[in-house]
Amino acid sequence: MNIPQNHIRNFCIIAHIDHGKSTLADRILEKTGLLTEREMQDQVLDNMELERERGITIKSQAVRTVYRAKNGEEYIFNLIDTPGHVDFNYEVSRSLAACDGAILVVDSAQGIEAQTLANVYLALEHDLEIFPVLNKIDLPSADPERVANEIEDVIGIEAMDAPRISAKAGIGIDDVLEEIVNRFPAPKGMETAPLKCLIFDSLYDPYKGVIVFLRVFDGSVKPGDRIHFMATGKTEEVVEVGYFGAGRFIACDELSSGMVGYITASIKELSQTRVGDTVTNADNPCKEALPGYKKVNPMVYCGVYPADTKRYPDLRDALEKLQLNDASLSFEPETSVALGFGFRCGFLGLLHLDIITERLEREYNLELVTTAPGVVYRVHKTDGEVIELTNPSNLPDSSEIDYMEEPVVSAQIMVSTEFLGSIISLCQERRGVQTGMEYMEETRVLLKYDLPLNEIIYDFFDALKSRSKGYASFDYEMKEYVRSELVKLDILINKEYVDALSFIVFRDSAYERGSKMCAKLKEEIPRHLFEIPIQTAVGGRIIARETVKAVRKDVLAKCYGGDVSRKKKLLEKQKEGKKKMREIGNVQIPQKAFLSVLKLDDE
Amino acid sequence: MNEISVYVHLPFCVKKCAYCDFLSGDYGDDVKRAYLDRILREIDHCSPVLSDRIIRSVYFGGGTPSLPDPSYISSIIRAVMDGHILKKDAEITIEMNPGTTDEKKVREYLKLGINRFSIGLQSMDENELKALGRIHDPDDFLYLYDLLRKNGASNINVDLMTGIPHQTPACAQRSLESVIALAPEHIAVYSLILEEGTPFYEKGAENLDLPDEDTEEEICEMTRLILAENGYGRYEISNYAKKGYECRHNLVYWDLLDYIGFGASAASRIGNRRYTNIRNVEAYTASEVPLFEEDLLLDESEWMSEFIIMGLRKTAGISLLDFSSRFGKELEEVYGDVIERYEGEGLLKKQEGRLFFTERGMDVSNIVLSGFV
């Protein structure tokens, strides 16, 4: 079953979060008849339970549908769904590289947002043909004319004739389908050239091993072929090839140039099939790999511990299983005096961290204690050695440190002028350096800042939202490491150093953060039978102190016949509460206290 | 023959107080009548249990048992005694609220054999009473107290409360001293607890102008001291009495002796069965069969922990011998580590075959007791 390339369209949908990307994808699938309405779950592409609940797309996926165009011809659509969040930028870029065109969805009430721009630039970098659609025209506040103008002014692509649609209400979807056929170019691969495929995703299946999602650029691949992964250097024999039905894999005889599909080859480890890698034929290799491969490194680290120390092996198993499907998750064992055995885990960003910890708790039924997330610091020691520091406790003694570096990102923030002042001061508070400021239209500004990553991983999103009443959007990419004055804040509770609470801060913020940390911990730690001093120290010198006063009274005034059951339940609750705490010295510390540093800026 | 105590719950009030989480409220006369019918049937239904045992005490609690006509109480007492044996010196208590009783009622009660009167006063300060949502003023209390004494009541308890909105130590001391001046046999002092579902709870501690923790502790210490000086011994967390006037009925709960409760929300424990009637006046009244909030058989470990949780409320604590003869094992075997820990922290004390709280231990008893559940 060989489909001529000129009847294939490989494309993706790009949008700012909540502008309606997944809904449009659903409508396209519906209209192309591959799914009956009965089969439609609300959002078929987002098939993990968690994705549906959070309303975001975590892993990129692809689906193939058949469309009969108005010209009477049938076309194969390969729709590649891309994650919409900054944490998964690299995955987005690989998904884009597998496409020839991109539908740009813009909310016709909200207009262009930071991620709209970031995604458009990314699509342009990959030479994708882009056409815009104006979504949510059924909203009372929709203003498609204004937004069309904005797209033309800001992005410089033609938008006056862009389909006006409502993906939710199913308005204008036919126009979109025709545009896909007419506007997007067909693949132009060479069928007879050596095999050249791009891996844009992969997942682990317990029966088939790793399933590699790829786009064939040149040549063809079929079961029995020996294939070679150019970046990892591994060679395997193909067991199965196929394409993507909605939510399932459909095997076929061969994947040829221009097609999007999957292969399996009894591969046991996901790390062998890295996103962005080029797959070729081992016996007839292509001359050079596709450009743009890079290994993704975790940007954010934190300690993950089982709340019940006995469940350490379960946590290890769960992490191993998750890693099978998420090569960007890294972990290695670590030990904390306060928390016992656990893992230092690396994530692409905070959202990634949230998703993983939530999946651990939900799918693996683990209760976790996580420590404050931190970035990777470079510590240059006086002896010339350079350490990549992921755990603050491992910071060498200051006498051994020559200097330290921290990661800096370049960020783009789109904000309405009304909130410009407060967003600029937010960026300044976070040690941002302004690198640009452009008026998109009279009322909206694109701010460009270089920001230290450790200033944005905690609560930057929240602060941005609250200070702009939700009218600011944000996107960033890693820029560089820069030298910085950093110190480690240590926390002592009842005179005992609690390793899991240490964190690294910019020297000038140490006093402020230290005081806030003490105050926060004072709220979190319940009163005990004795007084508990809470201290913050830098290099052994105490810089802030608070005291949790001793409990004076904790007694049930009344307990007669009718009260027994209820009072007993109260005591049981108290006991359960105690179980959920970590004992350090003789102080019970609630697990959420270990995340206190994240909440230092709460009002 | 085994002994048993009887509790009767009468949920009727002129108006529900803002802090009260007992089953109580303002019910119409027809509800009161139907409720009485239902209680009498319940007593009749439980007659086999009572016939087996000697009734050691009867307690009318509420609500406001002194609100309905005394004939109400008399028909219940008659039903309880009918065909059953009342211990010779049985303690029969009725709770009363100032502002709900006249001389006629008091005389009736005494005639019925009621020999202990428990007055819900809470405070002698008018503002505090208002804050609590009480219907009476200090004079109503003095009038009632005088009525009782004049007619020969010889065992009176007065309930006081600490931690009332706006309460100051000076104010609390005035309340206490004016009560002591009347020389009741028994004084109970409860600290105000914001219980879920009450208007106080809804309003939130921060909006109530409650005395802060230090002030309340000062009030409690002062209370203990003054009561001791005046010959009131503390025998339970919140209860003080002149020698020999400890409430025998309430001790039943803390000594884990059998009791049976009649009326909506009333609890019973007979042997290792503990059950609570449904906590709803209408449902209780309407049903012909007993409806329970809960009905459970305590297993040995629950039984043991209950023995300790209840027993340690008494200043005398629990007897190690009593424990081992009840459960066939030593207390130390079961709870050795908890006891050792809190003895070490000066909260528990073992002496002459008994385990009991120190004064500090009593103040923070929940922390210790949660180690026994």
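1. Terms first. Helices (H or I, at least four residues) and strands (E, at least two) are DSSP runs, numbered from the N terminus. By that rule, Ser265(B) sits in the loop between S9 and strand S10 (267-270) of chain B. Phi of Ser265(B) is near 70°, a positive value in a residue other than glycine. Ser265(B) is buried because 21 other C-beta atoms lie within 10 Å. The cut-offs: a residue is buried if 20 or more other C-beta atoms lie within 10 Å of its own, exposed if 12 or fewer, and partly exposed in between, with C-beta atoms placed from the backbone.

2. Basis. This is a predicted model, in which local features need pLDDT of at least 70, side-chain atom pairs count only at pLDDT 80 or more, and totals for chains, interfaces and linings use all residues. Residues are numbered from 1 along each chain as its sequence is written, while chains are lettered from A and ligands numbered from 1 in the order in which they are written.

3. Chain A overall. Chain A holds 13 helices and 33 strands. Of its 603 residues, 48% are buried. Take the contacts in chain A between residues at least 6 apart in sequence: 69% of them join residues at least 24 apart. Two residues are in contact if their C-beta atoms, placed from the backbone, lie within 7 Å.

4. A sheet in chain A. Five strands form an open sheet in the order S2-S3-S1-S4-S5 (chain A), with mixed pairing. Strand S2 (61-68) and strand S5 (129-135) of chain A are the edges, each pairing on one side only. The twist averages 30° from one strand to the next. Strands pair if DSSP finds at least two bridges between them. S1 (residues 8-15) and S4 (residues 101-107) of chain A pair in the parallel sense over five bridges. In this pair, Cys12(A) stands opposite Ala102(A).

5. Helix H4 (residues 114-125) of chain A touches S1, S4 and S5 of chain A, and its direction makes about 150° with that of S1(A). Helix H6 (residues 173-183) of chain A also packs on the sheet, and its direction makes about 170° with that of S5(A). Axes are lines fitted to C-alpha atoms, for helices over the stretch in contact; angles run from 0 to 180 degrees between N-to-C directions.

6. Helix H1 of chain B. H1(B) (residues 29-45) has 17 residues and reaches 24 Å from its first C-alpha to its last, close to the 24 Å expected. The expected span is 1.5 Å times one less than the number of residues. Tyr35(B), Leu36(B), Ile39(B), Glu42(B) and Ile43(B) are buried. They lie on the same side of H1(B), because they cover an arc of only 125° around the axis. That arc is taken from the directions from the helix axis to the C-beta atoms. Asp30(B), Asp37(B) and Asp44(B), on the other side, are exposed. The buried residues pack against elements of chain B including strand S1 (3-10) and helix H3 (70-81).

7. The interface. Chain A gives 21 residues to the contact and chain B gives 33 residues. Ile309(B), in helix H12 (residues 300-311) of chain B, touches Lys568(A) and Leu571(A), among others. Ile309(B) counts as buried, with 24 C-beta neighbours inside 10 Å.

8. Backbone checks. The peptide bond from Gly62(B) to Gly63(B) is cis, with omega near 20°. Lys495(A) has phi near 70°, a positive value in a residue other than glycine. Lys495(A) is exposed, with 10 other C-beta atoms within 10 Å.

Technical notes: Lists of a residue's contacts leave out its neighbours within four places in sequence.
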